[in-house]
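I opened the model to look up a few local details and kept short notes as I went.

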Amino acid sequence: MDDFLEQVVARKRRGASEALYYAAWIFLAVFAFVGLTNLTGMLYTGEDGGVRFSAVSLALGAAFLGAAFLLWKATFTLRTEYDYSFTNGVIDVARVMNRKKRAFLTTVETKELRAAGEAGSAVYQKWAREDGVKLHKWYVNGDAKLYFFAFERKGARHLMLLELNEEMAKLIFSRRYMPASAWDGAYRGV
């Protein structure tokens, strides 16, 4: 029988991020309108009847359309969620942006782990201080209980932080899947 568990991590307090999301869309529409209006004014008829070019209108149009584009990109980060799944010793992590766009982040087998446990432990501090370690913060609630997983891939050292619920942590840190050499012993719920 396969051991499979999936967890979706979303913001607990979404009021402020939802307000920012809708405000960003309002400003995006205003900036896009102003940008397009400026672009339509870059060619105009002069006093002599000839066609003239306004560099100021082009610059303002490009600036406002650029700001609208940046706001559009920012809306994806305001509604970020993470999907974790665990299947027979394999941890899969994906980011879901704006509840639509899913981006695969990584897959790690527990037998590949060099260290794992609760963030804040002595082993975590050791890994976090090492030079050249790539830190992946794949969680959304800063006040949540975090777990770290350290592994090496293609010559690079990685340290990922995940926001696991109790059921997921219990399954991942079970003796059946977690190698004794990787587990720092900080997770006592097993």
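I started with asparagine 38, which sits in helix H1 (residues 15-40). The model is predicted, and I read it as such. I then listed what asparagine 38 touches, leaving aside neighbours within four places in sequence: Ser57, Leu60, Gly61 and Phe64.

Next I went to strand S4 (residues 80-87). Seven of its eight residues are buried, so I put S4 down as largely enclosed by the rest of the structure.

I looked up the strands that pair with S4. Strand S1 (residues 4-9) is antiparallel to S4, with six bridges. Phenylalanine 4 has threonine 87 of S4 as its bridge partner. Strand S5 (residues 90-97) also runs antiparallel to S4, and eight bridges join the two. Serine 85 is bridged to aspartate 92 in S5. The S4-S5 hairpin has two residues between the strands, and I found asparagine 88 there with a positive phi near 45 degrees.

Last, I searched the whole structure for cavities of 30 Å³ or more and found one. What is the volume of the largest cavity? I get about 60 Å³. H1 and S4 each supply at least two residues of its lining. The lining residues include Arg14, Ser17, Glu18, Thr80 and Glu81. By class, I count six charged, two polar and two nonpolar residues in that lining.

Conventions: Residues are numbered from 1 along each chain as its sequence is written. This is a predicted model: local features need pLDDT of at least 70, side-chain atom pairs count only at pLDDT 80 or more; totals for chains, interfaces and linings use all residues. Side-chain values use heavy atoms; hydrogens and water are left out. Buried means under 20% relative accessible area, exposed over 50%, partly exposed in between (1.4 Å probe, protein chains only). Helices (H or I, at least four residues) and strands (E, at least two) are DSSP runs, numbered from the N terminus. Two strands pair if DSSP finds at least two bridges between them. Contact means heavy atoms within 4.5 Å. On a 1 Å grid over the protein atoms alone, a cavity is a set of points where a 1.4 Å probe fits but cannot get out, and a pocket is an open set with protein on both sides within 12 Å along at least five of seven lines; lining residues have an atom within 4 Å of a point. Grid points are joined across faces, edges and corners, and a volume is the space filled by probe spheres set on the points. Ala, Val, Leu, Ile, Met, Phe, Trp, Tyr, Cys and Pro count as nonpolar, Asp, Glu, Lys and Arg as charged, and the others, Gly among them, as polar.
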